[in-house]
Amino acid sequence: MQVFKFGGASVKDANGVKNLACVLQKVGHKNTLVVVSAMGKTTNALETVVQNYFHNKEALQSSIQDVKKYHNSILLDLFDNETHLVYKEVNTFFDELNTFFLSSKSPDFNFVYDQIIGYGELISTTIISNYLNSIDLKNNWIDVREQIKTDNYYRRANVNWEATQTLIANKFNSNILNITQGFLGSDDNNFTTTLGREGSDYTSAIYAYCLNAESVTIWKDVPGVLNADPRYFENTQLLNNISYREAIELAFYGASVIHPKTLQPLQSKEIPLFVKSFLNPEAPGTRIGKDVKINPEVPCFIVKKDQVLISLSSLDFSYIVEENISAIFKLLHLYKMKVDVIQNSAISFSVCVDNIYNNLDELLHHLKAKFKVTCNENVSLYTIRHYNQNAINQIEAGKNVLLKQLTQETLQIVTK
């Protein structure tokens, strides 16, 4: 059993869907599960739909129509006959979307977000499944929400592993090519949940774990795992091999090629993960496995933009000790801040966070009751694994360094 994951960039248009089929034909699709993301920038477009539902009702229908037109253009390029069943199936999803908006009274942004955002994956997999069937790549379309069960922590749900393993074991047919959605699950009330942005990688790992797969392959528009994101860094290099541990470190610090949660279930069953190019599917790519030394041994660069650096100091020059730090972390947890870096001294404490849920103002209000607070928004967090002096100089050049922290293998710098 092998698990393939294709991201949105790989299926952004009709040619991408056709290329997915070519990849399957070139590398083989026996005993294969294909996990697919939403097409292109559909998730972003659906986020606009959610924002309009809450803040700009007049623009709601036009934003839905933008999503519908995008997918219809792909359908027209893939299917000559507009009476093909796939048109009806896709339209049904848009009908469900509109019905939800008419009937929903929920003021909970995160709940509404999850009910809407998943239509991107449902529509993409429906189109792809129908196209593969039309070229005699017979497959079974799976609604992932019927197999991956989670809690109701909307937008970052936690998997109920026991229930998920049971459902996959009872419902999955490994004798045929299967197509399903990444990113999604459902809670005990069968409401849609999501596993966090880029969570399709995690979906692949969940299935691989539950099915005892031989491997997982993530198909990207890059040749494999690079030592830096080519959008932000020049002269990037392909990493041929890295260990689970190294990959987890890179993912934790924000490497965008691999979702942070993806590697843990794979490591526990020693399932190798391959990252390959859908543009050159027969190239070796990157292999991630047990006890593999990083090759080549080069510095690895990661940047996370639009972060927030909060610096605290005591109002009366008293020490910031365990009791204060515990209270700070309780507030960070309460306001769902993802902590990336912490640094403290006797009377000061700094933390770099990702304000995913837009709760920064409420957090600062709470903190100012006990501390002197300085807040820098829109900062960038740079992380270098296996750093050397040349790498440090490259990152610091021309930047205002607000925080710097070194360990034996890792350097982190916050810049404005």
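Predicted model: local features only at pLDDT ≥ 70, side-chain atom pairs only at ≥ 80, totals over all residues.
Residues are numbered from 1 along each chain as its sequence is written, local features need pLDDT of at least 70, side-chain atom pairs count only at pLDDT 80 or more, and totals for chains, interfaces and linings use all residues. Side-chain values use heavy atoms, with hydrogens and water left out.

Zero disulfides (a disulfide being a pair of cysteine sulfur atoms within 2.5 Å) were found in a search of the whole structure. C352 takes part in no disulfide, and the nearest cysteine sulfur, belonging to C375, is 10 Å away. C352 is buried, at a relative accessible area of 1%, whereas C22 is partly exposed, at 36%. Buried denotes under 20% relative accessible area and exposed over 50%, with partly exposed in between (1.4 Å probe, protein chains only).

Strands (E, at least two residues) are DSSP runs, numbered from the N terminus, and two strands pair if DSSP finds at least two bridges between them. Strand β14 (residues 371-385) pairs with strand β11 (residues 300-314) in the antiparallel sense over twelve bridges. Strands β14 and β16 also run antiparallel, joined by six bridges. L381 of β14 is the bridge partner of K304, and V414 in β16 is the bridge partner of L381.

Strand β16 (residues 410-415) contains Q412, which is buried, with a relative accessible area of 7%. The side chains of Q412 and T383 are joined by a polar contact of 3.1 Å. A polar contact is a pair of N or O atoms within 3.5 Å; within protein, one must be able to donate a hydrogen and the other to accept it, and residues adjacent in sequence count only if both atoms are side-chain atoms. Leaving aside neighbours within four places in sequence, residues in contact (heavy atoms within 4.5 Å) with Q412 include Y253, D340, L381 and K404.

How values were computed: Helix = DSSP H or I, 4+ residues; strand = E, 2+ residues; numbered from the N terminus.
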